[in-house]
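User: I would like to learn how to read the features of a protein model, one at a time. Could you take me through this one?

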Amino acid sequence: MTESQATQALSAAPERRDLIILGGGLVGMTLALAAARAGLTSFVIDRADPADLVAEGADGRASAISTASWNLFANIGLGPRLEALGCPIDSIAVTDGMKPGRIDFTPKPDEGSLGRMFFNRDLRMALFDAARVEPAIAWKVRTEAVRRDRGPHGVEVELADGTVLRASLLVAAEGRQSPTRDEAGFAMAKWEYHHRAMVTALFHDKPHENTAWEIFYPAGPFALLPLLDDAEGKHRSALVWTVAEKDAAGAMAMPDAMFVQEVAQRMHGVLGTITLAAPRMSFPLRFHHAGKVVDERLAVIGDAAHGMHPIAGQGLNLGLRDVGALIEVLTEGMRLGLEPGDAQLLARYEKWRSLDSFMVMSVTDGLTRLFGVPGRLPSAARRLGMGAVQRLPALKRFFMDEARGMSGKLPELLQ
């Protein structure tokens, strides 16, 4: 081969990076940015058009970001961009149908808030803007992987347009319907809650005073989560209203005025007069948990690995804990001269995440079955359980630590 032929062959060879991340959502893009901070390069592959994801009115959902997740965002440089966009959760009021016996989860002044509420759109915009100017991230959008090959020496992914990418480690962050996870043959524990979450945002007359409400009704939980006032000073809260699957179609088909009236009846005037502040959306509620989260040169994170009921607001936070753990394991491996896809590193990641995710998901599923499943527990028994939490400081502290995402051994990025 001549020198010219060798040069052409070299230039035609697929580019190789440390990671190929399939899925550029909140978890996948956070991983890419955290990896870049740690000196790791990545390809991020996403089927969606970023412009569609951040379009005004396209998604009115909001997420509770735990203290640990906020620390991760701050540590990858998003703090200044996000600081002014999140509403602190200073207290959580839990009540059975607004009857006597309400529990208030309020941390001490030196413990900070129980988290912050952000519109998903604001989180995406911050992540996407940071990714666009990060040279360690090669972002491929409006495309998908049509071939994934993993072997002893690396991974190779072919995109729909024929582009071939190579890396040391493949990370599946594709969400609940992850084709990469399914192709790898991971066994899943999963079940249906036979409920649907109706999600939107509300304007209201009275200030929420940074208090989140979790109101349990026989038909399912009803959550109000504090958001920042809008540019005109209107008070806002996010709504997550859980209804039985058999009733969901009728509830979503209601005209806006009727929907608002139904919501107002369940709020008992705690926030005054309400109007809609975002589009209405609905999502089926399911539990799933992958029995393993790694394979040869593959790690599965976020909703691809675990999905839960939103009753405790920990779904996204659990995925961000995956990010923190994976980056810490890979960073320590780099110090030892190991490549990201090394089997020892993946085994350590799986051991670390398996216990933590199992604990969080067990608590969430237990809460769901205790408080959130219609007919599972009589109202009097629910109030008895709430009273036990109120009277036992250690149990109440446990739930508050879970809300802040501060339970268990946390990676450095989350501290």
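Analyst: Let us begin with contacts: two residues are in contact if they have heavy atoms within 4.5 Å. Before the cases, some ground rules: this is a predicted model, in which local features need pLDDT of at least 70 and side-chain atom pairs count only at pLDDT 80 or more, while totals for chains, interfaces and linings use all residues. Residues are numbered from 1 along each chain as its sequence is written, and side-chain values use heavy atoms, with hydrogens and water left out.

User: Which residues is Asn120 in contact with, leaving aside its neighbours within four places in sequence?

Analyst: They are Leu26, Asp59, Arg61, Ala62 and Ser63. Asn120 itself belongs to helix α6 (residues 120-132). Helices here are DSSP runs of H or I with at least four residues, strands are runs of E with at least two, and both are numbered from the N terminus.

User: Is Asn120 buried or exposed?

Analyst: Buried means under 20% relative accessible area, exposed means over 50%, and partly exposed lies in between (1.4 Å probe, protein chains only). Asn120 has 6% relative accessibility, so it counts as buried. Across the protein chain, 53% of the 415 residues are buried.

User: What about Ser178: where is its place?

Analyst: Ser178 is in the loop between β11 (164-172) and α7 (179-183). With 0% relative accessibility, Ser178 is buried. Not counting residues up to four places away in sequence, Ser178 touches Ala172 and Ala304. The C-alpha atoms of Ser178 and Ala304 are separated by 5.4 Å, although the two are 126 residues apart along the chain.

User: How should I read aromatic pairs, and how many does the structure hold?

Analyst: A pair of aromatic rings is described by the distance of the centres and the angle of the planes. Rings of Phe, Tyr and Trp (its six-membered ring) pair if their centres lie within 6.5 Å; planes under 30 degrees apart count as stacked, over 60 as edge-to-face and the rest as tilted. The structure holds 5 such pairs. One of them joins Phe128 and Trp139, tilted, at 5.0 Å centre to centre and 50° between the planes. Because Phe128 lies in helix α6 and Trp139 in strand β8 (residues 137-141), this pair ties together parts 11 residues apart in sequence. Phe128 is buried, at a relative accessible area of 2%.

Another pair, Phe222 with Trp241, is edge-to-face: 6.0 Å centre to centre, 65° between the planes. Phe222 lies in strand β14 (residues 220-227) and Trp241 in strand β15 (residues 235-244), so parts 19 residues apart in sequence are tied together. Both Phe222 and Trp241 are buried. Ring pairs also link Tyr217, Phe222, Trp241 and Phe259 into a cluster.

User: And how do I read two packed helices?

Analyst: Two packed helices are described by the angle between their axes and the distance between the axes. Axes are lines fitted to C-alpha atoms, for helices over the stretch in contact, with angles from 0 to 180 degrees between N-to-C directions. Here the axes of helix α4 (residues 67-75) and helix α10 (residues 315-335) come within 9 Å and cross at roughly 50°. The contact is made by Ser69, Leu72 and Phe73 of α4 and Asn317, Leu320 and Val323 of α10.
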